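Have a look at it first, and then read on.

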Amino acid sequence: MTEQVSVEEFTDQARGFLDAHAELRSTDDHRFVWGEGDDDLSLFEEVDREVEKAQIAAAKQWRATRYDAGFGWITGPVDLGGRGLTKAHERAYSSLESRYLLPRSNFFGIGLGMVAPTILAHAQDHVKSRYLPSMYRGDLIGAQLFSEPGAGSDLASLTTRAERDGDEWVITGQKVWTSGAHYSDIGEVMCRTDQDLPKHRGLTGFIIDMHAPGVEVRPLRQMTGGAAFNEVFFDGLRVPDDHRLGDVNGGWAVALTTLLNERASIGAGPAGGGLGGLGNAARMIEMLRHFDLDHDPLLRQELAAVYTGFQVAKWNGQRAMDKVKAGQAPGPELSGAKLSLTRNLQAVAEFAGHVLGPRMVANSGEWGTYAWGQFVCGVPGMRVAGGTDEVLRKIISEQVLGLPKDPGIDTTSPFRDLPRS
Ligand SMILES: Cc1cc2nc3c(=O)[nH]c(=O)nc-3n(C[C@H](O)[C@H](O)[C@H](O)COP(=O)(O)OP(=O)(O)OC[C@H]3O[C@@H](n4cnc5c(N)ncnc54)[C@H](O)[C@@H]3O)c2cc1C
C-alpha cells in the first residue's frame with residue numbers, strides 16, 4: 001500500500017538522510033572565481049577507463065545507499081521496489097540533493113532516463129521485477145542500442161536481425177554510437193524481425209545481457225580524445241523470448257517510448273538548464289573581465305544574447321516539462337527544447353572563441369583557455385545526439401508551423417512522420 005506522506009514531511013525525511021550520508025556544499029561552491037578549481041568544460045566523457053571505473057564504483061555505491069533508504073525510485077510502483085510517491089516528491093528530493101556533494105550520476109542517465117521507463121511500459125511482469133529494482137539501486141546500468149551505421153535519423157531502416165529459434169531469439173548485426181556500452185550491464189536493442197513488412201512494422205525490441213556471449217563492444221574515440229561511445233557487434237546472441245519488449249513486430253511503439261523519454265531527458269536535463277545557470281554566466285563574465293574585454297560593445301552584446309537564449313530556453317523547457325508532469329503527451333515543445341539547447345551551446349562556443357582567439361587552440365597551460373577546446377569540439381555531437389538539428393527543425397516546421405510534410409525517402413510508409421529523436 002502506498003504510504004501517505006506530504007511533500008513537506010518527505011523533504012524532512014530526505015534532509016535527514018542526506019545530512020547523515022553526504023556533505024552539504026558550501027554556498028561558496030556556486031561562486032565562480034577565475035583561475036580557481038577545475039577548468040574542465042568537456043561535454044562528453046574524456047576520462048581514461050581506470051578513472052571511469054572508480055567513478056562508476058562511487059556512483060553505484062551512492063545509488064545503493066539512496067535506494068536502500070527509500071529515495072532511489074520515489075515515483076516507482078511499490079510492488080517493484082519504488083516508493084509510489086508523486087513527481088512533486090521526486091522534484092523535492094532532486095532539488096534538495098543538488099545541494100550536497102555527491103558522486104557524478106551521469107552513468108545512469110540512459111538506463112534510468114530511457115531504458116527503465118520502456119521496460120516499465122512494455123516488458124513482462126517478471127522481467128520488470130528482475131531488472132527495475134536493480135537498475136534503480138544502481139546494480140545494473142543500461143544502454144540504448146538503436147543506431148546503426150545505416151540507420152540514425154531514419155531509425156526504422158535498421159538491419160540488425162533477430163530470428164526466432166524456439167523460446168529464444170538469435171540476434172546478429174551491428175550497432176554504433178552506443179553511449180556507455182562499455183560499462184553497461186543490460187541493453188535495449190531494436191531489431192528487424194520481419195524483412196517483408198513495411199520498415200516500421202517489422203521491428204521488435206529486446207532487453208539483452210551486455211555480458212553474454214555473442215556481444216562484442218569496441219570503443220569509438222571521439223575528436224575530443226575520450227571514448228564515450230562504442231560500436232557493438234552481435235554474433236548469434238541468444239535472448240529468451242520473455243525478454244521481448246511488447247509484441248513481435250510491435251517495436252516501433254516501444255522505440256517511441258524510449259525516444260520520447262530521451263527527448264525529455266536531454267531537453268530538460270542538466271545540460272539544458274545547468275549551462276544557463278549563474279555559475280556559467282559568471283564564467284563568461286569573468287572571462288571578459290580577465291582579458292580586459294568587458295567594455296567591448298560587441299562582446300557585451302554577444303554575452304547578453306547568449307544569456308537571454310539560455311533564460312528563454314530554460315522557461316520553455318519548464319513549460320514543456322510541466323505539460324508532461326500534468327499527464328499530457330509531450331508535443332513538439334521537447335524538440336524545441338533540445339534545439340534551443342544546441343543553438344545555445346553553439347552560441348557559447350562562438351562567444352568563447354571570440355574572447356579567447358588563439359588561446360583556445362594553443363595550449364599555453366593558462367587556466368580557462370585551452371580547456372574550452374573540449375567544449376567547442378563537443379558541441380557538434382550535442383547537435384546530433386537525441387535528434388539532429390535538421391530533424392528537429394523538420395518536426396517544428398510540420399507540427400508547429402503547419403508547413404507541408406517532408407516527403408522523406410519512404411513515402412509509402414504511414415509512419416514516416418514519426419522521426420528519430
Ligand atoms: C553524443 C552522441 C551519443 C549518442 N548515443 C547513442 C546511444 O547511446 N544509442 C544510440 O542508439 N544512438 C546514439 N547516438 C546516435 C544518434 O542517435 C544518431 O547519431 C542520430 O540519430 C543521427 O543519426 P546518424 O548519425 O546516422 O546521422 P544521419 O541520420 O545519417 O544524418 C546525417 C545528416 O543528414 C541529416 N538528415 C537526416 N534525415 C534528414 C531529414 N529527414 N531532413 C533533413 N535532414 C536530415 C541529419 O540532420 C544529418 O545532418 C548518439 C549520437 C551522439 C552524437
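The chain holds twelve helices and ten strands; helices (H or I, at least four residues) and strands (E, at least two) are DSSP runs, numbered from the N terminus. Its radius of gyration, taken over C-alpha atoms, is 22 Å, close to the 22 Å that the globule rule (2.2 Å times the number of residues to the power 0.38) gives for 421 residues, so the chain is as compact as a globular protein of that length. Bear in mind that this is a predicted model: local features need pLDDT of at least 70, side-chain atom pairs count only at pLDDT 80 or more, and totals for chains, interfaces and linings use all residues. Residues are numbered from 1 along each chain as its sequence is written.

How is the chain divided? There is domain 1 (142–251) and domain 2 (269–399), with bounds that come from an automatic or database domain assignment. Their C-alpha centres sit 32 Å apart. Where they touch, four residues of domain 1 are in contact with six residues of domain 2; contact here means C-beta atoms, placed from the backbone, within 7 Å.

Now for the inside. Of the 421 residues, 35% count as buried, that is, with 20 or more other C-beta atoms (placed from the backbone) within 10 Å of their own. The largest nonpolar core has 54 residues, and Ile-171, Phe-206, Ile-207, Ile-208 and Ala-255 have the most contacts inside it. Such a core is a set of buried Ala, Val, Leu, Ile, Met, Phe, Trp, Tyr and Cys residues joined through C-beta atoms within 7 Å. Helix 4 (residues 109–122) gives the most to this core, with six residues. Apart from this core lies another one, of 26 residues, among them Trp-177 and Phe-229.

Note on methods: A residue is buried if 20 or more other C-beta atoms lie within 10 Å of its own, exposed if 12 or fewer, and partly exposed in between; C-beta atoms are placed from the backbone. Two residues are in contact if their C-beta atoms, placed from the backbone, lie within 7 Å.
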